[in-house]
Structures are given as structure tokens and as C-alpha cells.
Amino acid sequence: MLPRLAALQTATTAELKQQWRALFGKEPPPFNRPYLVGRLAYRIQKLAYGGLKPETRARLEALGEQLDGGNVVLRRIRADSRPLPGTRLLREWRGVEHVVTVRPDDFEYEGRPYRSLSAIARHITGTRWNGWQFFGIRNPRGAP
């Protein structure tokens, strides 16, 4: 198992996606490479050693209830629904491909930091846009 885990670090993204299909039986999510590596590593270990013990799962559930008051819906929503740091957002606008990198506290476009995707969309188009819509991301608050 250890060589298989180590091989994840040097695998291409295409190889990681192929392993995802084999281990999960479905298409991989469109997340960044570190996310795929982490989830694949956990899955490999889970298959080798088994998942969390029922006591551990129960303890985690109890801790979650302390934080969210037992609201299962809240428990399933990420506290910060921004894309994960390292995610690259691509958008073609008028024949030019624009790439934005999500960072922990802001976004990077053309080597410059921006506080919002809307500011980047405005820079690209010259008009006001909802940045989440411009880059094809659902509303960060979960609304339609």
C-alpha cells in the first residue's frame, strides 16, 4: 500500500482521474490536484485498513451537533463555500482565455491579487458582472 500512496505524488492528473474511477466507480470531481491526491490516499487506506470506527464516527457527529445545534443541513454546507485554494478558474472571453487562481484569502489574476471575482470580471470585460456567474460558479451562498 505504501508504494501506491507514494505513486500518487508523481502521477499525472489523467492517471489520478483514472484511479478515481477505479476506486470510486464514478467520474472524478472537477477539483484541483491536491484534493484528488488527498481523497485517493484516504480511499486507498480505507480499503486497506477499514474506515473510521463506529465510536469515532459517533464522537465526530456529537461534536458536529455541538457546533450546529443538530441542524443536519448546516452540517452539510461548507462554512466557506469558496473554491479550494489552488483551484484554477478558466474563462474564455472574446477569444482570450483568462485564468484565475484561488488563494486562501483572495484571487490571483495576471500576477495581481484581487479581493473578488467580480473585480476580475470587471477588469476583463469593462462592465459590472457577478464574478461567480462570469466564471460559471454557482452562488457562493448556495442560492440558485
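User: Where does Tyr42 sit?
Analyst: Tyr42 is in helix H3, which covers residues 33–49. Keep in mind that this is a predicted model.

User: Is that side chain buried or exposed, or partly exposed?
Analyst: Tyr42 counts as partly exposed, because its relative accessibility is 43%.

User: And which residues make the nonpolar surface patch?
Analyst: Tyr42 makes it together with Leu52, Leu60 and Leu63, and the patch comes to about 360 Å².

User: What about Arg43, what does its charged end sit over?
Analyst: The ring of Phe24. The charged end of Arg43 is 5.1 Å from the centre of that ring.

User: OK, rings then. How many aromatic pairs are there?
Analyst: The count is six aromatic pairs. One of them is Trp93 with Trp129, an edge-to-face pair with 5.8 Å centre to centre and 85° between the planes.

User: Which parts does that pair tie together?
Analyst: Trp93 is in strand S1 (residues 88–93), while Trp129 is in the loop between helix H6 (117–125) and helix H7 (131–134), so the pair ties together parts 36 residues apart in sequence.

User: Trp93 first: buried or exposed?
Analyst: Trp93 counts as buried, because its relative accessibility is 18% and the cut-off for buried is under 20%. Trp129 has a relative accessible area of 30%, so that one is partly exposed.

User: Which residues do the ring pairs link into a cluster?
Analyst: Trp93, Trp129, Phe134 and Phe135 are linked into a cluster that way.

User: What lies over the face of Trp129?
Analyst: Arg91 does, at 5.8 Å from the ring centre. Arg91 also has a bridge partner in S2, namely His98.

User: In what sense do S1 and S2 pair?
Analyst: Antiparallel, over six bridges, with strand S2 covering residues 96–102.

User: How many residues are between the strands in that hairpin?
Analyst: There are two residues between S1 and S2, and in this hairpin Arg94 takes a positive phi near 55°.

User: Switching topic: how many salt bridges does a search of the whole structure find?
Analyst: It finds three. One is between Glu27 and Arg21, where the closest N and O atoms are 3.0 Å apart.

User: Are those two buried or exposed?
Analyst: Glu27 counts as exposed because its relative accessibility is 55%. Arg21 has a relative accessible area of 36%, so it is partly exposed.

User: And which residues are linked in a network of salt bridges?
Analyst: Arg103, Asp106 and Glu108. Arg103 meets Asp106 with the closest N and O atoms 2.7 Å apart, and Arg103 also meets the side chain of Glu108 at 3.1 Å, N to O.

User: Is Asp106 buried or exposed?
Analyst: Asp106 counts as buried, because its relative accessibility is 15%.

User: What about Arg103 and Glu108, how do they count?
Analyst: Arg103 counts as partly exposed because its relative accessibility is 28%. Glu108 is partly exposed, with a relative accessible area of 28%.

How values were computed. Residues are numbered from 1 along each chain as its sequence is written. This is a predicted model: local features need pLDDT of at least 70, side-chain atom pairs count only at pLDDT 80 or more; totals for chains, interfaces and linings use all residues. Side-chain values use heavy atoms; hydrogens and water are left out. Patches are made of residues with over 30% relative accessible area and no salt bridge: like charges are joined within 9 Å, nonpolar side chains (Val, Leu, Ile, Met, Phe, Trp, Tyr) within 5 Å. Accessible areas come from the Shrake-Rupley method with a 1.4 Å probe; for residues, only the protein chains shown count as cover. A salt bridge is a side-chain nitrogen of Lys or Arg within 4 Å of a carboxyl oxygen of Asp or Glu. Helices (H or I, at least four residues) and strands (E, at least two) are DSSP runs, numbered from the N terminus. Buried means under 20% relative accessible area, exposed over 50%, partly exposed in between (1.4 Å probe, protein chains only). Rings of Phe, Tyr and Trp (its six-membered ring) pair if their centres lie within 6.5 Å; planes under 30 degrees apart count as stacked, over 60 as edge-to-face and the rest as tilted. A charge sits over a ring if NZ of Lys or CZ of Arg is within 6 Å of the ring centre and within 35 degrees of the ring normal. Two strands pair if DSSP finds at least two bridges between them.
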